[in-house]
Amino acid sequence: MDQRTCIKFCVKNEIKCTDAFRILTVAYGEATLDRSNVYRWYKMFSEGREDVNDEERAGRPSTSTTDEKINEVEKMVLANRRITVREVAEDLNISIGSCHSIFINDLGMRRVAEIRTKIAQL
């Protein structure tokens, strides 16, 4: 988002795209968007686009990371601190990747030690 805002700023100030890319490279180093993406965003902002956020994409909505599933995962972990990601995934009929994502992104549990600590705090 920050880089897109910088690109938009460069467009508004009539800074050439190559110079904008150079500025981003100095500011963000290795994390800079690749040249083709910078040029693509530069073109979109030049054509009048104002929003720096991605547009909604068509596709299948996620059904495994709903609030209900997250709550079920949390209950299962609290009931059995030794339960595995695979067991939770099988019990809830979701993929291991989705289950792992719930542990990390939604519940903030990264390692077994952290899970045990969080359970002990409850």
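**Exercise 1. State what share of the chain's contacts with a separation of 6 or more comes from residues 24 or more positions apart.**

Step 1. A contact requires heavy atoms within 4.5 Å.
Step 2. Among the contacts in the chain with a separation of 6 or more, 48% join residues 24 or more positions apart.

The model is predicted: local features need pLDDT of at least 70, side-chain atom pairs count only at pLDDT 80 or more, and totals for chains, interfaces and linings use all residues. Residues are numbered from 1 along each chain as its sequence is written, and side-chain values use heavy atoms, with hydrogens and water left out.

**Exercise 2. Determine how helix H1 packs against helix H3.**

Step 1. The axes of H1 (residues 2-12) and H3 (residues 35-46) lie 9 Å apart, at an angle of about 50 degrees. Axes are lines fitted to C-alpha atoms, for helices over the stretch in contact, and angles run from 0 to 180 degrees between N-to-C directions.
Step 2. H1 is therefore oblique to H3. Angles under 35 degrees count as roughly parallel, over 145 as roughly antiparallel, 65 to 115 as roughly perpendicular and the rest as oblique.
Step 3. From H1, Arg4, Ile7, Lys8 and Val11 meet Val38, Trp41, Tyr42, Phe45 and Ser46 of H3. By class, this contact has six nonpolar, one polar and two charged residues.

**Exercise 3. Determine the surroundings of Arg4.**

Step 1. Arg4 lies in helix H1 and is buried, with a relative accessible area of 14%.
Step 2. Neighbours within four places in sequence aside, Arg4 is in contact with Trp41, Phe45, Val52, Asn53 and Asp54.
Step 3. The Arg4 side chain reaches the backbone oxygen of Val52 at 2.8 Å.

**Exercise 4. Determine how helix H4 crosses helix H6.**

Step 1. The axes of H4 (residues 67-79) and H6 (residues 96-106) come within 10 Å and cross at roughly 85 degrees, so H4 is roughly perpendicular to H6.
Step 2. H4 contributes Lys69, Ile70, Val73 and Val77 to the contact, and H6 contributes Ile102, Phe103 and Asp106.

Notes. Helices (H or I, at least four residues) and strands (E, at least two) are DSSP runs, numbered from the N terminus. Ala, Val, Leu, Ile, Met, Phe, Trp, Tyr, Cys and Pro count as nonpolar, Asp, Glu, Lys and Arg as charged, and the others, Gly among them, as polar. Buried means under 20% relative accessible area, exposed over 50%, partly exposed in between (1.4 Å probe, protein chains only). A polar contact is a pair of N or O atoms within 3.5 Å; within protein, one must be able to donate a hydrogen and the other to accept it, and residues adjacent in sequence count only if both atoms are side-chain atoms.
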